[in-house]
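User: I am new to this structure. Please take me through it in short questions and answers.

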Amino acid sequence: MSEGQRMSVGGKRSLLVLTAALLAAHAFGKTANAQAIRDDARPAPNISFPESGEVLMQADELSYDKATRVVTASGNVELAYGERVLLADKVSYDETTGIVTAEGNVALLDPQGDVAFADQLVLRNEMRDGVIDTLRVLLSDNSRLAGHSVVRSGGNLTTLHRGVYSPCDICEEKGQTTPLWQIKAFRVVHNKQEKRIVYEDAFMEFFGVPVLYVPYFSHPDPSVRRQSGFLPPTIASSTELGQQLEVPYFWAISPDKDLTLIPRFTTKENIVYQGEYRQRFETGRMKAFATGTWPRTQQANSPSNNDFRGSLFGNGEFDIDENWSWSFRTELATDDTYLRKYDLSGTTDLINNLNATYVDGRNSFTADTYYFRGLLATDSESTTPWVAPALQYEYAFPDQILDGNVSFSANAMILGRSLGPQSRRVSSTVRWDRRETSANGFVYRFFGSLRGDFYSVEDVPNTAVPGADFEPQTIVRGLPTIGAEWSYPLARSEGGVHQVLEPIVQLISSPNVGNTVEIPNEDSLSFEFDDTNLFSEDRFAGLDRWETGTRANVGLRYSVYTPSGAQANALFGQSYRLEENTSVAAETGLRDETSDYVGRIMVSPSNNLLAVYRFRIDDERFKIRRNEVNLLGRHGPVSAELGYGYYAADQSVTFQEREEVYLGSVVKLDEYWRLFGQTRQDLADHRTVANRVGIGYEDECLDASLMFSQSFYRDRDYEPDSSVMFQVTFKTLGTGSPAGARGFE
């Protein structure tokens with residue numbers, strides 16, 4: 001036989017046919033042990049396993065004893081039956097009893113990807129059952145299972161006596177003789193049909209020292225992605241809630257749904273009940289997270305008037321057909337401070353939304369309803385608006401007009417509140433946009449739009465008469481806009497360095513009709529003039545306000561790229577107007593005929609450093625109105641982020657003057673240990689907003705962290721708080737997140 005020759009035989013007759021093949025080979029004068037012995041290391045077999053259960057064998061030498069009816073293969077033996085593969089130095093098959101005996105460097109690969117190692121093993125029943133003196137198993141997730149007096153039955157049940165399980169590596173170079181943690185048990189049963197590993201009379205050891213005993217313990221085997229069981233607990237301590245313990249339980253209800261129960265036990269308050277439900281459907285998915293508690297004491301400054309405090313958060317997305325879909329978002333709380341006081345969420349605004357969306361290429365339609373709730377002491381439920389509905393339609397014409405793209409958009413909205421202005425709006429816009437590049441490299445863009453709005457409003461405050469409202473009225477307005485943009489990208493390459501210098505001039509003209517205060521400003525309150533909207537046709541985010549008049553936006557953009565990957569870019573510009581823009585506050589820097597200067601500088605010498613500086617400078621006194629610096633860096637084991645921001649008051653409605661600094665860093669002490677910390681300082685009020693510092697450890701089998709955090713915010717019964725949290729995850733036994741899919745029991 002030539003080197004590497006394989007013999008295949010039918011599943012039921014198995015090695016009987018192999019025996020016949022050996023006899024036939026002998027009859028034709030070929031010596032069975034004439035196969036050459038390979039000198040190189042034996043590679044992993046590359047065998048295709050047919051469903052018929054065909055047996056494939058390869059060995060350096062094959063022999064057959066007629067008297068004992070035993071087939072013997074020796075030297076780099078590879079034997080495959082179905083999806084099971086047996087590797088050994090020597091394998092013999094007793095034709096009479098059907099027993100396969102393997103000796104020397106035995107490895108048995110099963111269909112799940114597990115590999116069992118032994119010095120000798122005896123198999124029967126098509127290699128499904130067997131007895132092994134000492135067994136070492138490498139599971140598919142690289143965890144290990146070992147034991148003595150091993151019995152394998154049914155092809156899926158393996159019983160080990162004095163078994164040991166651990167996913168941890170042993171570093172012999174550092175003199176380590178035991179894994180970081182391991183489970184030792186008098187009896188270990190790996191049931192592949194139920195996909196569980198069960199321990200009886202088990203001890204958990206750290207560095208070889210027993211620390212915990214349980215009479216019974218089990219966890220999913222590596223093939224399981226979702227199975228019911230307890231998840232790793234979290235231990236914490238805080239000045240507000242006292243000592244805390246969370247013990248999550250994951251319930252895999254069915255393949256398409258699960259539930260995680262997360263009771264939190266506290267010493268200063270009653271139990272905080274938490275639960276997360278997730279479900280997938282053929283057309284989408286949904287998730288809901290609910291919490292609740294009955295406070296032990298009712299504080300005088302608490303915004304809650306009930307004995308029960310709780311919350312419900314949820315979201316879902318569903319497809320109706322290839323074009324239509326719908327979604328929902330739910331955020332509810334019984335009172336304003338519950339989420340922050342019980343450390344459930346730091347949000348101060350709740351948004352509830354129901355959405356329907358249609359998309360067909362570049363055309364789309366959306367319908368939304370919104371319910372808002374503010375959780376700060378300054379928020380009023382009676383003045384908080386609701387929206388039902390908000391409709392938006394976008395249509396792109398397939399054919400060009402005058403070599404330009406034409407689109408149409410329409411919007412309709414009904415907004416109301418218990419106390420304050422109410423409005424109903426219908427708005428539509430037709431846009432035309434054309435781009436071209438001349439032979440000498442000039443880039444032109446021409447654009448125009450025609451917009452019309454219809455408003456029905458009532459209870460709108462009259463700013464000229466404090467305490468009085470305008471009469472309910474209907475307002476119709478329209479605005480045509482035309483514009484042109486010119487740019488000239490100047491590119492240069494030398495020595496692998498690419499540079500682009502691009503001057504940009506944008507001219508926009510529309511009637512200077514301004515904005516009327518009789519239309520309430522509901523969707524354009526957040527207004528900032530900066531580098532991101534220097535070349536915007538309309539800098540207002542919504543539709544209740546629009547930018548009018550004739551204006552010019554001028555800027556210079558520069559970019560440079562090097563062969564090493566370093567890059568930088570900068571933008572500097574200013575806006576000019578023929579007339580003063582009374583639609584915006586003077587503090588925005590965009591009201592006068594010449595605006596403030598805005599710009600951005602980004603420098604990234606390598607992938608390990610990024611610096612971004614953004615600014616706005618008063619055009620008359622050159623006073624800084626916005627100063628924002630962000631640094632992201634990594635050097636060796638240290639990663640850090642520095643953020644500084646100064647923002648002048650833009651509008652009294654939304655932004656007050658503020659100045660703050662943020663610093664965060666992670667230091668890798670070695671391959672496994674890390675230090676991390678964060679701090680946020682309010683420089684305007686000379687106070688600390690929040691601090692966090694901690695230490696963490698992570699390797700192939702353990703993830704643990706200890707963190708100390710401080711919050712200095714105060715709102716009614718939510719007081720400044722200091723807390724310590726400890727969390728540990730034993731990898732392969734479960735996961736430390738409620739959204740995880742595995743558990744242990």
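User: How do the residues lining the second largest cavity divide by class?

Analyst: This is a predicted model, where local features need pLDDT of at least 70, side-chain atom pairs count only at pLDDT 80 or more, and totals for chains, interfaces and linings use all residues. Residues are numbered from 1 along each chain as its sequence is written, and side-chain values use heavy atoms, with hydrogens and water left out. Ala, Val, Leu, Ile, Met, Phe, Trp, Tyr, Cys and Pro count as nonpolar, Asp, Glu, Lys and Arg as charged, and the others, Gly among them, as polar. The lining of the second largest cavity divides into two nonpolar, four polar and four charged residues.

User: Which residues line the second largest cavity?

Analyst: On a 1 Å grid over the protein atoms alone, a cavity is a set of points where a 1.4 Å probe fits but cannot get out, while a pocket is an open set with protein on both sides within 12 Å along at least five of seven lines. A lining residue has an atom within 4 Å of a point. By that rule, the second largest cavity is lined by Glu269, Pro295, Thr297, Gln298, Gln299, Ser302, Arg309, Lys341, Tyr342 and Asp717.

User: Which strands each supply at least two residues of the lining of the largest cavity?

Analyst: The largest cavity has 17 lining residues, with Ala116, Leu135, Val137, Arg152 and Thr158 nearest its centre. By class, its lining holds 11 nonpolar, two polar and four charged residues. Strands (E, at least two residues) and helices (H or I, at least four) are DSSP runs, numbered from the N terminus. The strands that each supply at least two lining residues are S6 (99-109), S7 (115-124), S8 (129-138), S9 (144-153) and S10 (157-166).

User: Which strand gives the most to the lining of the second largest pocket?

Analyst: That pocket has a volume of about 490 Å³. Of its 21 lining residues, Gln176, Leu180, Phe207, Tyr697 and Asp699 are the closest to its centre. The lining has 14 nonpolar, one polar and six charged residues. Strands S42 (702-711) and S43 (721-730) each supply at least two residues, and the most, three residues, come from S43.

User: How far apart in sequence are the parts tied together by Cys168 and Cys701?

Analyst: The structure holds one disulfide, a pair of cysteine sulfur atoms within 2.5 Å. It joins Cys168 to Cys701, S to S 2.0 Å. Cys168 lies in the loop between S10 and strand S11 (181-191), and Cys701 in the loop between strand S41 (687-698) and S42, so the parts tied together are 533 residues apart.

User: Are Cys168 and Cys701 buried or exposed?

Analyst: Buried means under 20% relative accessible area, exposed over 50%, and partly exposed in between (1.4 Å probe, protein chains only). The link of Cys168 and Cys701 is right-handed, with 100 degrees about the S-S bond. Both Cys168 and Cys701 are buried.

User: Which residue forms a salt bridge with Asp336?

Analyst: Side chains of opposite charge can pair when their charged atoms come close. A salt bridge is a side-chain nitrogen of Lys or Arg within 4 Å of a carboxyl oxygen of Asp or Glu, and the count here is 45. Asp336 is buried at 14% relative accessible area. Its closest N and O atoms with the partner are 3.1 Å apart, and that partner is Arg373.

User: Where do Arg680 and Glu660 lie?

Analyst: Their side chains meet in a salt bridge (3.2 Å, N to O). The pair links distant parts of the chain, 20 residues apart: Arg680 lies in strand S40 (residues 673-682) and Glu660 in strand S39 (residues 658-668).

User: Which members of the largest nonpolar core touch the most other members?

Analyst: A nonpolar core is a set of buried Ala, Val, Leu, Ile, Met, Phe, Trp, Tyr and Cys residues joined through side-chain atoms within 4.5 Å. The largest has 45 residues, and those that touch the most other members are Leu86, Tyr165, Trp181, Ile183 and Tyr199.

Methods
Points joined across faces, edges and corners; volume = space filled by probe spheres on them.
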